Amino acid sequence: MNMDPPQISRRTLIKQTAVLIVGSSLPIRAAFAKGKPLNSAQATDIRDPQAFVRIDANNVVTVISKHIEFGQGAYTGMATLIAEELDADWSQIVVEAAPVNMALYGNKVLGGIQGTGGSSAIADAYTAMRMIGATARLMLVQAAAKSWKVAESEITVEKGIIAHPASQRTANFGKFAPVAAHLPIPSPALVKLKPTANFKLIGKGLGTLHRVDSRSKTDGTAQFTQDIHEPNMLTVVIKKSPRFGGTVKSFDATEARKIKGVVDVKQIKSGVAVYALNTWAAIRGREKLVVVWDDSHAEKRSSHELFAEFRSIAQKAGISAAKHGDLDKAFKEADKVITSEYSFPFLAHAPMEPLDGYVFWDGKQANARYGCQIPTLDQPQFCKILGLPPEQVHIETILAGGSFGRRIDLGGSPLGDDLAVDMASAVKALGPGHGVKVVWTREDDIQGGWYRPMILHTFKAAIQGGKITAWSNTVTGQSFVAGTAFNGMMNHGVDPLMVEGSQETPYNFPHFSCDTHIVPTKVSVTSLRSVAGTHAVHAVESFLDELLDETKQDPIKGRLVLMEKSSRYVGVLQAVAKAANWNGAGPVNGRARGVGVAKAFNTYVAQIAEVSIGADGIPKVHKVWCAVDCGVVVNPDIVRAQIQGGIAFGLGMALYGQITLDKGIPQQSNFHNYRQLRINEMPEIEVIIVPSTEAPTGVGELGVPTIAPAVGNALARLGRSRKTLSLPFVQATQA
């Protein structure tokens, strides 16, 4: 097979296809499928808008998105920003993923790496993508003015039609694409953005514009990794140690090779790989493998042993993350000192599409196709294992069926290997000239780690004169930053992603301390949707409610007293209280209400949950009100959908989510014992979007942090302990 890249210049491509490319690289799916690479991105100046828009002679506007689409609406968001300023007709918009090029497609919110995460897509792209759309519009106007020999000021653009009203001439974008393609890129000073009053798409809902990925996902034409079936492709599943840190001592593949469809079995970096003609044969072959594991360096402790170690360590002062006032004096003078503890188990992300990826390697270059969340992390792993320079490792990002943090690939770090290492190792072991699709099963995903870390929060507070005068919070657990590609985030021994939401709360305490202990384990861990918010907000909001109960304060009024009056926290708390007609926490008619407030990724959110106890003893959440302040809203319907999804995700984790280790081995394996929220358990949800002129911030993770404490605080009014929900509830009550 000829593996040489297509030899075609950018200008030649423009001349041959008559397109306006406000973009420096053109993804070519057909070439990629045959093992040929994408054209290399040629623009090097990030200010050059030639990277994000392509307009062809058929009037199709293709938006190149640097943010992956895994259900959160990023493609629609990117398209909306460009289409707004371009004045394109929504029906002519399609979206493709950007190739790997950190210089062009870096995410400034994430420090410049190319990737999606931290609810950053809209925050990162809002102004930049609008500028690109406006620049492309100006180039089309200049081309029309040149062709029609009229002044640019006489040209109008609306819904994809360029017009000169005075002469009644009109044309679509495609007509002027060839001319515009040869014009110089206008200076940013000449590019004018619309005032918000003139927006026709930004701020509008799905009644005005449909999601760009809806049709293909509905009619089955959407491409996910499992849909890839290339000629001569082999499917690979990998048998890994049941314990984290375990390695292969020896293996016997005699019986595995007898399974029809199994082609080969090889030991690779992370375990033993079974290569087969299809997924079922690969799985059956793996079942027949006999592997002897070396557990001499594996994690062998059980969950209860880890928590016991955390508790012991937490008795001592940790590394300070934040501190002010004189806690010793405050505790000495207090009328009462309250202590409390909240423990949080390992959690699996459990996206509906487990990890998988396709890669073709010919010995000189590699072409991967999968739902890649952070190309900047993944590409070097392919380079290292295959011995290739970055320009010879090409990644085509396709749709992914969820992530929640799971597709952030930290493999190759001290925490272990992940998908990119699996793909590179599997294709290398087989040899050049082959394509392989590596598939993780649901069991591989649930038992394979990269969990939300186990965390222990210990609190101590002082009450004097009916007021909370001192607050101390010790956070103990495993870091997923230390020693990884994100090690640079460490701040004098403090992992900021362990203490966010703990070192800075919505409340003003005269005396305050947050310290932390990092306790290493061999378990592979990473961020989970809302990161530390999954435990910190839960713990902080629950302990605060304990203190408000102790001081006989209303949960809403008591919080407002502790907040700065001008704070955006106040805005969302008052908005949610108004929507819920808050007149106390209850209980009334067997139902009680609880509240939670948080800020994450610069978005503010407050929730109220109305809860009862079912006949089976499991909480029934009837309704959730959620107020969100995320700055300027690009699409309110997607905001509501993301908040609703986050609430369902967080509620399922609070009620059922827990990974437990028994002598180092995960005990959960699939949805039968790693329970998810069911449709009949979904509460009614009312989302209140607080109007704002602030810069846009993210919402993809913001439904998660406050649902668990809101439900737990309601349960406390019903005579149940808040703390059972952090274990989580069902496992805690059954224990």
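I looked up the surface first.

I noted the source. This is a predicted model, where local features need pLDDT of at least 70, side-chain atom pairs count only at pLDDT 80 or more, and totals for chains, interfaces and linings use all residues. Residues are numbered from 1 along each chain as its sequence is written, and side-chain values use heavy atoms, without hydrogens and water.

I checked burial next. Of the 735 residues, 60% count as buried (under 20% relative accessible area, 1.4 Å probe, protein chains only).

I then looked up the fold. I found 20 helices and 27 strands (DSSP runs: H or I of at least four residues, E of at least two, numbered from the N terminus). The radius of gyration is 27 Å, close to the 27 Å from the globule rule for 735 residues, so the protein is as compact as a globular protein of that length (C-alpha atoms; 2.2 Å times the number of residues to the power 0.38). The C-alpha trace spans about 85 × 75 × 50 Å along its principal axes.

I turned to the second largest pocket. Which residues lie nearest its centre? They are Lys240, Ser241, Pro242, Arg243 and Ser270, among 40 lining residues (an atom within 4 Å of a point on a 1 Å grid; a pocket is an open set of points where a 1.4 Å probe fits, with protein on both sides within 12 Å along at least five of seven lines). Elements giving two or more residues to the lining include strand S8 (234–239), strand S9 (247–252) and helix H8 (279–288).

Methods:
Buried < 20%, exposed > 50% of the residue type's maximum accessible area, 1.4 Å probe, protein only.
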